[in-house]
Amino acid sequence: MENIVFRQATEADSLFISQGFHTAMLYDDTPEERIRLFAEKICRRDDVLYSARNTIIAEIDGKPVGMITSYDGKGYKAMRQTTMELVRQHLGIEFPGMEDEAGEGEYYLDSLAVLPECRGKGIGKSLMLEAISRGHALGLPVTLVVDPANPRAQRLYASLGFIPQRDIFIFGHNYLKMVMNVLP
């Protein structure tokens, strides 16, 4: 495996974070102008879910190749409210009936994405391990959600120690919430 360097994202990474979020959500047909608007109006802020403050960037030879957004669930409700209001204002999108993905007492792995040409090299797993270590450093169980139609991701998460917890309805779809209770 190539040398992967992790770093905290900065505001300058907003477009990369936006692209990563859309990839993680399988929104592959999102118009480029919407991705740019999401970066400009949402990812540049510190008080939203998909901020640089909450994102780790993986680089190889100084080039961003992957990202993971994760955070302590105690700040989730306020960040979600701000994020969803901005999504409604700037993109005209709402998600009625959406459950809370995260909450107090857990560390939530929100969005993971690796550039297509860099997949299969362990970058995603390395990003997850980096984020998991941050959650464990806080003494919190680590959680995530996965699309039930993505067995490859489910196998990766299971291999890391995540177990199914419950079904959850977010972003207009049903997902599976998984938890890693064991702290190292």
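Trainee: In which handedness of crossing does helix 1 pass helix 2?

Mentor: Helix 1 passes helix 2 in a right-handed crossing; a crossing is right-handed if the near helix is turned clockwise from the far one by less than a right angle, and left-handed if anticlockwise. This is a predicted model, in which local features need pLDDT of at least 70 and side-chain atom pairs count only at pLDDT 80 or more, while totals for chains, interfaces and linings use all residues. Residues are numbered from 1 along each chain as its sequence is written, and side-chain values use heavy atoms, with hydrogens and water left out.

Trainee: How is the packing of two helices described?

Mentor: Two packed helices are described by the angle between their axes and the distance between those axes. Here helix 1 (residues 14-24) and helix 2 (residues 32-43) pack at about 120°, with axes 8 Å apart. Helices are DSSP runs (H or I, at least four residues), numbered from the N terminus. Axes are lines fitted to C-alpha atoms over the stretch in contact, and angles run from 0 to 180 degrees between N-to-C directions. Helix 1 and helix 2 are therefore oblique to each other (under 35 degrees is roughly parallel, over 145 roughly antiparallel, 65 to 115 roughly perpendicular, and the rest oblique).

Trainee: Is Ser18 buried or exposed?

Mentor: Buried means under 20% relative accessible area, exposed over 50%, and partly exposed in between (1.4 Å probe, protein chains only). Ser18 lies in helix 1 and, at 0% relative accessibility, counts as buried. Leaving aside neighbours within four places in sequence, Ser18 is in contact (heavy atoms within 4.5 Å) with Ile35, Phe38, Ala39 and Cys43.

Key. Helix = DSSP H or I, 4+ residues; strand = E, 2+ residues; numbered from the N terminus.
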